[in-house]
Amino acid sequence: MNRWRRLGWRLLPLLLLLVAGVPAPGAEGDSLRCRQPDGSEVTVPLRPRRVVIGYGSLVPVWYCAGGRAVGIPSLVSAENLPAAARELPEVGSFNVLNAERILALKPDLVLLMGKVASHRRLREFLVRSGIPVLLVKYDNYQDFRALLELFCRVNGTRIEERPEAVALLREIEAVTERCRKRGPGPGFVTLFVAGGGIRVESDRANSSGMIAELGGRNLARDRVPEEALRAAFGLEPLLLLDPEVIFIVTMGDSEALREKFRREVMSQEAWRRLRAARAGRVHFLPSELFLYVPGMRFPKAFGYLEQLLYPEEVAP
């Protein structure tokens, strides 16, 4: 079993490219052929110099892979962007990108999100205008690894040649290796709380995927349809699963949502009977690390989860 596990980790870079919907690209002179999440193939230029990025979370990954950009979407905060990207021209919000602003920057490549409908529509317009576009998938840590590998290839380099990327992945590997040695972790459930109600996460979602990487056993993984990230959930199925640990991610006004959840759900007698509630193992996760894919802060996010999963074995 250990031999197969070691083999699996040696094959991980290639497998991750497949998981992200972007298989190992093929180089053809000055271009690279890639398969997008919807299965279609596109050809993008190698070492592009005028790149517009339509989704803020992709910016740090692109820069870590040796790339540079000429335009990005507007962001609430530029704190998590590379310093070189903080003063770049804005091309609209991520869900309402401005095609005219993008064209004015004369890009030789535009990076967009495959799951965002407005990005797919924009891609069709840009392609008709002669602009190469690459749609990507970026939902979890596996996608992050795949995109980092792909972006390095597009920029004519490799992960091993990027010191920042090497240091980041080694730090994450150190955490995951410690956790794998501990054997099976506790059974958990991750609840996603937003204005529209409560949903439960599959391992394909960001937070649950990281917890599973650290050995946690997602008791609700079969409650989410195949390929979906989340599904509607309630207290009754949670009582049946009775997890050892419950993680809660909020989207929106975090403090208000947490207070509402405590008042309307955690105050119920049935909730208080849950193993996680009795043991004090119900954790609201910080939005800045777990609502969206944390990118270059993955080491911090993994370390945070390790302490919650194995509190008796990890020094605070």
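Two strands count as paired here if DSSP finds at least two bridges between them. With that in mind, this predicted model has an open sheet of three strands, running in the order 4-7-8 with parallel pairing. The edges are strand 4 (51–53) and strand 8 (133–136), each of which pairs on one side only. Averaged over the sheet, neighbouring strands are turned by 20° against each other, direction ignored.

Where do strand 4 and strand 7 meet? Strand 7 covers residues 109–113, and its parallel pairing with strand 4 runs over three bridges. At Val51, the residue standing opposite is Leu109 of strand 7. Helix 5 (residues 117–128) packs on this sheet and touches strand 7 and strand 8. The direction of helix 5 makes about 165° with that of strand 8.

## Strand 13, wrapped up

Next, have a look at strand 13 (residues 245–250). Six of its six residues are buried, so the strand is largely enclosed by the rest of the structure. In a regular strand, side chains alternate between the two faces of the sheet. In strand 13, Val245, Phe247 and Val249 point one way, while Ile246, Ile248 and Thr250 point the other way, and all are buried.

Strand 13 has partners to go with that. Strand 9 (residues 187–194) pairs with strand 13 in the parallel sense over six bridges, and Phe192 stands opposite Val249 of strand 13. Strand 14 (residues 282–284) also runs parallel to strand 13, joined by three bridges. In that pairing, Ile248 has Phe284 of strand 14 as its bridge partner.

## Arg258: a buried arginine

Is Arg258 buried or exposed? Relative accessibility for Arg258 is 15%, and since buried means under 20%, Arg258 counts as buried. Arg258 sits in helix 10 (residues 254–266).

Leaving out neighbours within four places in sequence, Arg258 is in contact with Thr250, Phe284, Leu285 and Pro286. Two of those names have come up already: Thr250 belongs to the residues of strand 13, and Phe284 is the bridge partner of Ile248. The side chain of Arg258 also reaches the backbone oxygen of Leu285, at 3.1 Å. Further off in sequence, Ala194 is 64 residues from Arg258, yet the C-alpha atoms are 9.8 Å apart in space.

## Helix 8 against helix 14

Helix 8 (residues 206–213) and helix 14 (residues 298–309) have axes that come within 10 Å and cross at roughly 65°. Angles of 65 to 115 degrees count as roughly perpendicular, and the two helices are therefore roughly perpendicular to each other. The crossing is right-handed. On the helix 8 side the contact is made by Asn206, Ser207, Met210, Ile211 and Glu213; helix 14 brings Phe298, Ala301, Phe302, Leu305 and Leu309.

Leu214, in the loop between helix 8 and strand 11, is another one to look at. Leu214 is buried, with a relative accessible area of 0%. Not counting residues up to four places away in sequence, Leu214 touches Val175, Thr176, Cys179, Phe302, Leu305, Glu306, Leu309 and Tyr310. Among them, Phe302, Leu305 and Leu309 also take part in the contact between helix 8 and helix 14. By contrast, Glu264 is 50 residues along the chain from Leu214, and their C-alpha atoms are separated by 31 Å.

Asn218 belongs to strand 11 and is buried, with a relative accessible area of 5%. Setting aside residues up to four places away in sequence, Asn218 touches Phe188, Glu201, Ser202, Asp203 and Ser208.

## Two loop residues with positive phi

Which backbone angles might you want to look at? Arg47 is not a glycine, but has a positive phi of about 50°. Arg47 is found in the loop between strand 3 (41–45) and strand 4, and at 42% relative accessibility counts as partly exposed.

Glu227 is another such case: phi is near 75°, a positive value in a residue other than glycine. Glu227 lies in the loop between strand 11 (217–218) and strand 12 (230–232). Glu227 is exposed, with a relative accessible area of 62%.

Methods:
Residues are numbered from 1 along each chain as its sequence is written. This is a predicted model: local features need pLDDT of at least 70, side-chain atom pairs count only at pLDDT 80 or more; totals for chains, interfaces and linings use all residues. Side-chain values use heavy atoms; hydrogens and water are left out. Helices (H or I, at least four residues) and strands (E, at least two) are DSSP runs, numbered from the N terminus. Axes are lines fitted to C-alpha atoms, for helices over the stretch in contact, and angles run from 0 to 180 degrees between N-to-C directions. Contact means heavy atoms within 4.5 Å. Buried means under 20% relative accessible area, exposed over 50%, partly exposed in between (1.4 Å probe, protein chains only). A polar contact is a pair of N or O atoms within 3.5 Å; within protein, one must be able to donate a hydrogen and the other to accept it, and residues adjacent in sequence count only if both atoms are side-chain atoms. Angles under 35 degrees count as roughly parallel, over 145 as roughly antiparallel, 65 to 115 as roughly perpendicular and the rest as oblique. A crossing is left-handed if the near helix is turned anticlockwise from the far one by less than a right angle, and right-handed if clockwise.
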